[in-house]
Amino acid sequence: CLLTDKIDGEVMDSFGPQLKIIANMAVGFDNVDTQEAKKRGIMIANTPGVLTNTVAEHTFALMLSIAHRIPEADKFTRAGKYENWAPMLMLGNDLSGKTLGVVGLGRIGSRVAHHAARGFEMKVLYYDINRNEEFEKEFGAVYMPLDDVLKQSDFISIHVPLLDSTRHLINPEKLKLMKPTAYLVNTSRGPIVDEAALADALKNNVIRGAALDVFEFEPKITPELLTLDNVILTPHIASATEETRSNMSALAANNIIEGLEGRTPPNLLKN
Ligand code: GLV
């Protein structure tokens, strides 16, 4: 199934007792009710690993695009408005030398932190429920409570799964902690950010900009966001490269084959 398919107990029952495995073609599996699956002895598998680098690349594509104002500049150029080179035309911001706050240092978050530290010489701060001292040593990353990460970062990138504890993790109070010059990037799950509060914050310059690949009420988007120039919106395509989508579908298929042939699917969730 896809991440847009909500698989609850009722859906599971509609398949009858022959339902053995739910193979999500996504790494996130918040669309599947894991407790209901466990009660029925149904296996769940996801597609971790193969999309890590692609999502990290998309995160950087978004970060670079918002900081260098690429969509705005493209619109401006196509509209025939480029008449003179000017020292102050469409000023953006550098990534290099800035501080990146990574919220959630899992597979994708740590890949983003790797690119930031190695590729852009950014200082990396991070928050996670677990500290990773080995990672800190390797990349000079600094572990901090969430509020401090939000206060001190120039770019904030969200990489936590959607859980009860992460829903609206970024709310009006958290947005107020961020620097007025900060950029927020979300490639994880929409409901982690209170989208109405973010639209308000962008409109009132509480933060400088945002780039979102995921939305709270996907595929619906808070209409106000569509009117703002300081936000970039992509339609949940962070893993959408030919290479990665092909690997994800092969992995999902393989999970199904292994599960149905009585072996352990390689990406079985321990729920
Ligand atoms: C995409 O959002 C995924 O979870 O794979």
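What follows is a chat about a predicted model, its sheet and its ligand.

Reader: Before we start, what should I know about the numbering and the model?
Author: Residues are numbered from 1 along each chain as its sequence is written, and side-chain values use heavy atoms, with hydrogens and water left out. As the model is predicted, local features need pLDDT of at least 70 and side-chain atom pairs count only at pLDDT 80 or more, while totals for chains, interfaces and linings use all residues.

Reader: In what order do the strands of the open sheet come?
Author: Strands are DSSP runs of E with at least two residues, helices are runs of H or I with at least four residues, and both are numbered from the N terminus. Two strands pair if DSSP finds at least two bridges between them. Here seven strands pair in parallel, in the order S5-S4-S3-S6-S7-S8-S9.

Reader: Which strands are at the edges?
Author: An edge strand pairs on one side only. That leaves S5 (142–143) and S9.

Reader: How many bridges join S6 to S7?
Author: Let's start on the other side of S6 (residues 155–158), where S3 (residues 99–103) runs parallel to it over four bridges. Val-103 has Ile-158 as its bridge partner there. Towards S7 (residues 183–186), Ile-156 stands opposite Leu-184, and Ser-157 stands opposite Val-185. S6 and S7 run parallel too, and the number of bridges is four.

Reader: Which residues of S6 point the other way from Phe-155 and Ser-157?
Author: In a regular strand the side chains alternate between the two faces of the sheet. In S6, Phe-155 and Ser-157 share one direction, and all four residues are buried; buried means under 20% relative accessible area, exposed over 50%, and partly exposed in between, with a 1.4 Å probe and protein chains only. The ones pointing the other way are Ile-156 and Ile-158.

Reader: And S7: are its two faces covered or open?
Author: On one side sit Tyr-183 and Val-185, and on the other Leu-184 and Asn-186. These residues are all buried, so by the cut-off for relative accessible area both faces count as covered.

Reader: Which residue of S8 is the bridge partner of Tyr-183?
Author: S7 and S8 (residues 209–212) pair in the parallel sense over four bridges. One of the pairs has Leu-184 opposite Ala-210. For Tyr-183, the partner is Gly-209.

Reader: Which helix does the chain pass through from S7 to S8?
Author: S7 and S8 are joined by four bridges. From S7 to S8, the helix is H9 (residues 195–203).

Reader: Why does Pro-191 count as buried?
Author: Pro-191 sits in the loop between S7 and H9. Its C-alpha atom is 20 Å from that of Lys-203, twelve residues apart along the chain. Pro-191 counts as buried because its relative accessibility is 12%.

Reader: Which side chain does Thr-234 touch in a polar contact?
Author: Thr-234 is in the loop between S9 (231–233) and H10 (242–260), and counts as buried because its relative accessibility is 14%. A polar contact is a pair of N or O atoms within 3.5 Å; within protein, one must be able to donate a hydrogen and the other to accept it, and residues adjacent in sequence count only if both atoms are side-chain atoms. At 2.6 Å, the partner is the side chain of Asp-213.

Reader: What is the distance from an oxygen atom of the ligand to the side chain of His-236?
Author: The residues around the ligand, those with a heavy atom within 4 Å of it, are Leu-3, Ala-26, Val-27, Gly-28, Leu-51, Arg-189 and His-236. A polar backbone atom of Val-27 is 2.8 Å from a ligand oxygen, and a backbone N or O atom of Gly-28 also lies 2.8 Å from a ligand oxygen. For an N or O atom in the side chain of His-236, the distance is 2.6 Å.

Definitions and conventions:
Right-handed = clockwise from strand over helix to strand, strands pointing away.
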